[in-house]
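Student: Please pick one residue of this model and look at it closely. Then set it against the chain as a whole.

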Amino acid sequence: TDHLLEKGHRLLVHLSSSNGDEDLQKIRPNCLRVEGFRRAVEQKGRWLFLPEDEFFRQWPAFDRRSVLGITVCRRQPKLEFLQRFFETRTVPDALVCPNDALAVDAILTALAFDLRVPRDFAITGYDNDPSSRLPSVDLTTAEQDLPGICRAAVEALVKMIEQPGCEVSGRTFPSRLFIRSSSGR
């Protein structure tokens, strides 16, 4: 998000999702990503958290003169959401996806509407999936510390087995940013 804002993108749409009727803001990985997006946007402008239906009621009338970040709580299956989104023929300056698979799907769906990345909008993912490195995708993404996460999970599991009832605190791990052409104008 910081990188996108530094490149001058002003209207950023952050896609997130919930599992059924669960509150998105209570699901830890989603909560942390939403919070990081919110903090970065609020340093430069305004942030909104909108359910999907409310987002589509207001889109594409959002002001592009100042920085605005919108987290959309997506409930539709991803392809239906992306189809509906690109049918509006209005795109944000940048689309922030929670994973590379959704970002690649967004790039491919946009092509059906003659929208191109980065010509018409920027896009980012998260995972550094091998598909993100394909020349036709060239996705700006972040890579998680999977070995560190796995080690911590095993340590927590062993602790819970050895000490039933003990509490294991949540941890965060650094990500490594890979800047590619999808985040440029």
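Tutor: Helices (H or I, at least four residues) and strands (E, at least two) are taken here as DSSP runs, numbered from the N terminus. The model is predicted, so local features need pLDDT of at least 70 and side-chain atom pairs count only at pLDDT 80 or more, while totals for chains, interfaces and linings use all residues. Residue numbers start from 1 along each chain as its sequence is written, and side-chain values rest on heavy atoms, with hydrogens and water left out.

The chain holds six helices and seven strands, in the order α-β-α-β-α-β-α-β-α-β-β-α-β from the N terminus on.

His 14 has a relative accessible area of 5% and is therefore buried (buried means under 20%, exposed over 50%, partly exposed in between, with a 1.4 Å probe and protein chains only). What does His 14 touch, leaving aside its neighbours within four places in sequence? A contact requires heavy atoms within 4.5 Å. On that basis His 14 meets Arg 33, Val 34 and Phe 37, then Ile 70, Thr 71 and Val 72, and also Val 96.

Of the 185 residues, 43% are buried. When contacts between residues at least 6 apart in sequence are taken, 67% of them join residues at least 24 apart. The accessible surface is about 10200 Å², and carbon and sulfur atoms account for 51% of that area (Shrake-Rupley method, 1.4 Å probe; for residues, only the protein chains shown count as cover).

As for overall dimensions, the C-alpha atoms fill a box of roughly 55 × 35 × 30 Å along the principal axes.

The cysteines remain. A disulfide is a pair of cysteine sulfur atoms within 2.5 Å, and a search of the whole structure finds zero. Cys 97 is in no disulfide, and its nearest cysteine sulfur, that of Cys 73, is 15 Å away. Cys 97 counts as buried because its relative accessibility is 3%. Cys 166 is also in no disulfide, with the sulfur of Cys 150 as the nearest one at 20 Å. Cys 166 has a relative accessible area of 23%, so it is partly exposed.
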